[in-house]
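Reader: Could you walk me through how this chain packs? I would like to start with a pair of helices.

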Amino acid sequence: MASTPVSSKKRKAAEETTLQHRVRGRLAEAPKTGTRTVAVHVGDGTRMKTFDVYQDVVVRHSEFFKAALKPETWKEGQERSVSLPEDHAKYFEIFFHFLNSGRVFSDRDDYNTETKVDYEWFQLINCWALGHKLLSTSFRDAVLDAITTKMMDDNRWCLDLYRESFKKSTPSPKFRCLLADIVVYMYRDEDWKDCEDIVKFPEHLLDVAKAFDKIKVSGRSATAPWTNNDCTYHEHVADGTPCYKTLF
């Protein structure tokens, strides 16, 4: 279908209109942040960093904070101060920015072409583990979206993803489904030689077998499921809660 050329003047006007819609919004649609803040102390000793987060926002995205900040139950709620000495500030900082934007700011520029080590993968895994600890379905779903977006943007995937994921914590059913689909849709013959220890992760091996069995029955789609940009791997579907994309 042929398209009608648009004059530069009209194009500029359209861009300005789009920018206006992005910048302006109705007061009633403004984020409900509240006014009370909570001091979250992350890390220990000289590595500790304090984040001031809006209480109404953090309890909306974390069942952990929702429980911890009940003044009638815990002193953290009375003092509006929570300590996470065993966690790393750089991962909580990503969670902190997510609370304010709905985005996962994990992109890094330190990919080593010689060793082929991409530290962003490990950063995302640690963020998912933090979301698991904080009982934040929205953050975990956003991190999984960041993982699939990275695969599409960079056109590469991490062979260690299942290994590191199961070491940190037992992945959720949706995360396990994604890990299995990566094997089904992305692995090449030469990749298997680097995954000989897959037998050490029987849960993942079973998930992969089920994924291969599924495509034998229903057929393999031309594109990977994560390219649909939908809620295929989101946990909120099972929780019956809104998708994080609708909360920002």
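Author: In this predicted model, Trp 121, Phe 122, Ile 125, Asn 126 and Ala 129 of helix H6 meet Leu 161, Glu 164, Ser 165 and Lys 168 of helix H8, where contact means heavy atoms within 4.5 Å and helices are DSSP runs (H or I, at least four residues) numbered from the N terminus. The residues of this contact divide into five nonpolar, two polar and two charged, with Ala, Val, Leu, Ile, Met, Phe, Trp, Tyr, Cys and Pro counted as nonpolar, Asp, Glu, Lys and Arg as charged, and the others, Gly among them, as polar.

Reader: And what should I know about the numbering and confidence limits?

Author: Residues are numbered from 1 along each chain as its sequence is written. Local features need pLDDT of at least 70 and side-chain atom pairs count only at pLDDT 80 or more, while totals for chains, interfaces and linings use all residues, and side-chain values use heavy atoms, leaving out hydrogens and water.

Reader: Switching topic, where is Ser 62 found, and is Ser 62 buried or exposed?

Author: Ser 62 lies in the loop between helix H2 (55-61) and helix H3 (63-68), and it counts as buried because its relative accessibility is 1%, the cut-offs being under 20% relative accessible area for buried, over 50% for exposed and partly exposed in between (1.4 Å probe, protein chains only).

Reader: Which residues is Ser 62 in contact with, neighbours within four places aside?

Author: Those are Phe 95, Leu 134, Leu 135 and Ser 136. The C-alpha atoms of Ser 62 and Leu 135 are separated by 5.4 Å, although these two are 73 residues apart along the chain.

Terms used:
Helices (H or I, at least four residues) and strands (E, at least two) are DSSP runs, numbered from the N terminus.
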